[in-house]
Amino acid sequence: MSEDQPTTGQVPDQVREGSYDAAARARLVAVTDEGTQQLAPVGVTGATELAIEKGGVLRIPESDALDPDAADATFGTGETMILNVGPQHPSTHGVLRMMVELQGETILRSKPVIGYLHTGMEKTGEELSYVQGATNVTRMDYLAPLHNELVYALAVEKLLAVEIPPRATWIRMLMCELNRISSHAIWAATNGMDLASTSMMIFGLRERDLVLQFFEKVTGLRMNHNYIRPGGVAADLPEGWEDDVEAVVDTVGARLVDYDHLLTGQPIFRERTEGVGVVPAELLLALSATGPLLRAAGVPWDLRRQMPYLAYDEVDFDVIVGTAGDCFSRYAVRLAEVRESIRIVRQILEKMPSGDYRTQDKKVTPPPRARIDESMEALIHHFKLFTSGIEPPAGEVYVAVESPRGELGCYLVADGSNRPMRMHIRTPSFVNLQSVPALLRGGLIADMIAILSSVDPVLGDVDR
Amino acid sequence: MASSTPLAWRVPELDGVPSAVSCGDEVFFPTRERYVEVATALRRAGFVTVSDLCAVDYLTHLDRALPAEVPKTRFEVVVNLLSHAEARRARLRVMVPEDDPVCPTLFFVYPGTENMEREAYDLMGIRFAGHPDPSRILLPQDWEGHPLRRDYGSGRVPVQFKKAPGPR
């Protein structure tokens, strides 16, 4: 520290004595200022300065931070302290460890430490054939499994250049939108819980369960469905699915009013979320943020609209954009997205085409069980498909879909065999977590959980 | 979807960079030396976000199809860029040789690559020169090896908690 700065020690004394006024804050900022306390638009700052700005990240190796002998180095001047939140903390949405450096109650720097749920699914994806692959990817983001299956199936289909029947496309869309509803419902539940609105937890889980019951009826499982597969979907929708779906969206739509009563109009909730965790949209773009996090900051970016996949260009829906970019905007964007998903689902109910629910390409889709008994050819196709499997031509492809959390991408390298040479999943939670230090910076420790929760990280998605 | 004008027509820095089209996406193969320069130019051309950065190990597929002037190295760093204004993607594939698995960092152009480069280092062992925090991100700090490499057999390493006392 250079000698022209105020002598250290003054500021914390004042904080301790409770005389924490505007002048003290100004001095505190002066002491802790690293040159770029305020965030300027990316276009103004330029890349080098922007990189220093990312000094919001605590760059010390994990082992050093844990070493008690190194405490002098980190606690040195006595001005700051490093607080460790998690990994076993109910408000970190799983096993996320947050390290925050505090001055008083102000967060100076922070760093998410991840990896506690890493199970090497990308490596596993290289071991499994394309037929088996969907069972693997569906376990990544356990709140939006169908989107994971979808992105994998779309990537394989793009490599294969295989056409999917319209009904399969619309069934996928129906399931994914319902999944978005359930994912946002559980997010609203945990977000309410994090902000001490415990009734919200029950409300959110209640709505999610409605959707999961429908999923169970269609796919046989409440999670990890393995329903969307390369070539179509695993099974057609059951008899009477229209009534079930209508009941789900009617009920959820009506119950969203409860959310408004419980959270939207709730003064305590609004006080804790409004104006909290704001960063400019330019910074979020530079940090590769996507999904509700980016849209709440005012960037109308939704892959369903801007780069349509499935049949999203044939349904009518609005891309929800926030203005303030604070925690409340992110809440409002997600709540409105549930309403848009309900709108999409209602249109799907009207427009669902009839026909095949999977492609008739025999190299991709196994024959019906009955055909195997009567056709030698069908038997051979069945045998080939389940012993070696789908064999896309060599190539590489990147496909992305809009999951409830943002851009979910799959980079697949095929070598002409029945297994991917490399499967990389770009998960929205992993990338959006980079924005957390920027969002936390300069805020209060009391807002940390609100901000973290508003980013909606799913740790299965982060660590894979 | 993808706009019709090839990027090379309006980004002069792409001059001399081999390119290809893969499943409808434009792919460029800059050398390690020109990688950051090309990315910077693409950022100026509207590709303000890195969607994805990952590394690929072609150990068993060194003879893969590449443009003639691109050396066939073991590793590749693959960067998927996104232009929000045009709703368009572009891909960079940077060849990284096995004996010197180092690649310049994109952090100073796209700070969003921070986690992705740490992941590529962690799982594939590509070092990103100049990265501000080149530590492992998913695996423990003291993990040996880089599991996504193709010569790192899965199941080869005993489970980390093997020496922990059993339930009884």
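Helices (H or I, at least four residues) and strands (E, at least two) are DSSP runs that are numbered from the N terminus.

The model is predicted, and local features need pLDDT of at least 70, side-chain atom pairs count only at pLDDT 80 or more, while totals for chains, interfaces and linings use all residues. Residues are numbered from 1 along each chain as its sequence is written, chains are lettered from A and ligands numbered from 1 in the order in which they are written, and side-chain values use heavy atoms, with hydrogens and water left out.

Two strands pair if DSSP finds at least two bridges between them. Strand E3 (residues 49–57) of chain B pairs with E4(B) in the antiparallel sense over 8 bridges, and Leu82(B) in E4(B) is the bridge partner of Thr49(B). E4(B) is also joined to E5(B) by 9 bridges, and these two strands run antiparallel; in this pairing, Val79(B) stands opposite Leu92(B) in E5(B). E4(B) and E5(B) form a hairpin with 4 residues between them, and Ala87(B) is in the turn.

**Positive phi angles**

Most residues other than glycine have a negative phi.

| Residue | Phi | Relative accessibility |
|---|---|---|
| Asp456(A) | about 60° | 3%, buried |
| Ala87(B) | near 50° | 10%, buried |

Asp456(A) is found in the loop between helix H21 (448–455) and helix H22 (459–463) of chain A, while Ala87(B) lies in the loop between strand E4 (75–83) and strand E5 (88–96) of chain B.

**A surface patch on chain A**

Met376(A), Leu379(A) and Ile380(A) form a nonpolar patch on the surface, with about 300 Å² of accessible area together. Patches are made of residues with over 30% relative accessible area and no salt bridge, where like charges are joined within 9 Å and nonpolar side chains (Val, Leu, Ile, Met, Phe, Trp, Tyr) within 5 Å. A salt bridge is a side-chain nitrogen of Lys or Arg within 4 Å of a carboxyl oxygen of Asp or Glu. Accessible areas come from the Shrake-Rupley method with a 1.4 Å probe, and for residues only the protein chains shown count as cover. Met376(A), found in helix H18 (residues 376–387) of chain A, counts as exposed because its relative accessibility is 59%.

Notes
Buried means under 20% relative accessible area, exposed over 50%, partly exposed in between (1.4 Å probe, protein chains only).
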